[in-house]
Amino acid sequence: MKTKAQYKVKNWNVYDAALKQRGRVLLLKSLNILQFLSPGVMLRDSDPQLQQLKALAVQYRQVIKTYLKLSISEKYTPIAIA
């Protein structure tokens, strides 16, 4: 029976930085940021996608602050958050 290969971490600083980077990417993907990066798209505060982004950003503001070093306030408009 084959066993899984085991790896030893030799440089914890690099490993930790890689995990943080992966967390940032997953966070941005969870917030569905890619939908706002299409060229030529005009956005308004009243757009449902921006309203959903604001709701998610406010809900997960502590995670956003930890990973992205951004502060999110409920007072911010959806455009300010995006």
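A residue counts as exposed when its relative accessible area is over 50%, as buried when that value is under 20%, and as partly exposed in between. Leu-34 has a relative accessible area of 63%, so Leu-34 is exposed. Keep in mind that this is a predicted model.

**Helix H1**

Let's begin with helix H1, which covers residues 12–30. How far apart are the end C-alpha atoms of H1? They are 27 Å apart, and that agrees with the 27 Å that its 19 residues should span at 1.5 Å a residue. After H1 comes Asn-32, and its phi is positive, near 60°.

Trp-12 sits in H1 and is exposed, with a relative accessible area of 56%. Tyr-15 lies in H1 too, three residues away from Trp-12, or about one turn of the helix. At 39% relative accessibility, Tyr-15 is partly exposed.

The count of aromatic pairs comes to one. The ring centres of Trp-12 and Tyr-15 are 5.5 Å apart and the ring planes stand at 90°, so this pair is edge-to-face. The cut-off behind that label is an angle over 60 degrees between the planes.

Trp-12 and Tyr-15 also turn up in a nonpolar surface patch. Together with Val-9 and Leu-19, they make a patch of about 390 Å².

**Salt bridges**

How many salt bridges does a search of the whole structure find? It finds two, and here they are side by side.

| Salt bridge | Closest N and O atoms |
|---|---|
| Lys-20 with Asp-16 | 3.6 Å |
| Arg-61 with Glu-74 | 3.5 Å |

Take Lys-20 and Asp-16 to start with. Both belong to H1, and they are four residues apart, about one turn of the helix. Lys-20 is partly exposed, with a relative accessible area of 40%, and Asp-16 is also partly exposed, at 37%.

Now for Arg-61 and Glu-74, whose closest N and O atoms are 3.5 Å apart. Are the two partners buried or exposed? Arg-61 is partly exposed, with a relative accessible area of 30%, whereas Glu-74 counts as exposed at 52%.

**The loop between H1 and H2**

Back to Leu-34, the residue we opened with. Leu-34 is found in the loop between H1 and H2. Where does Leu-34 stand relative to Leu-70? The two are 36 residues apart in sequence, and their C-alpha atoms are 18 Å apart in space.

Gln-35 is in the loop between H1 and helix H2 (48–59) as well. With a relative accessible area of 28%, Gln-35 is partly exposed. Which atom does the side chain of Gln-35 reach? At 3.4 Å, it reaches the backbone oxygen of Asn-32, the residue with the positive phi that follows H1. As for Thr-66, its C-alpha atom is separated from that of Gln-35 by 23 Å, and the two residues are 31 residues apart along the chain.

Definitions and conventions:
Residues numbered from 1 in each chain as written. Predicted model: local features only at pLDDT ≥ 70, side-chain atom pairs only at ≥ 80, totals over all residues. Heavy atoms only, no water. Salt bridge = Lys/Arg side-chain N within 4 Å of Asp/Glu carboxyl O. Helix = DSSP H or I, 4+ residues; strand = E, 2+ residues; numbered from the N terminus. Buried < 20%, exposed > 50% of the residue type's maximum accessible area, 1.4 Å probe, protein only. Patch = residues over 30% accessible without salt bridge, like charges linked within 9 Å, V, L, I, M, F, W, Y side chains within 5 Å. Areas by Shrake-Rupley, 256 points an atom, 1.4 Å probe, with all protein chains shown as cover. Expected span 1.5 Å × (residues − 1). Phe/Tyr/Trp six-rings, centres within 6.5 Å; stacked < 30°, edge-to-face > 60°. Polar contact = N/O pair within 3.5 Å; in protein donor to acceptor, adjacent residues only side chain to side chain.
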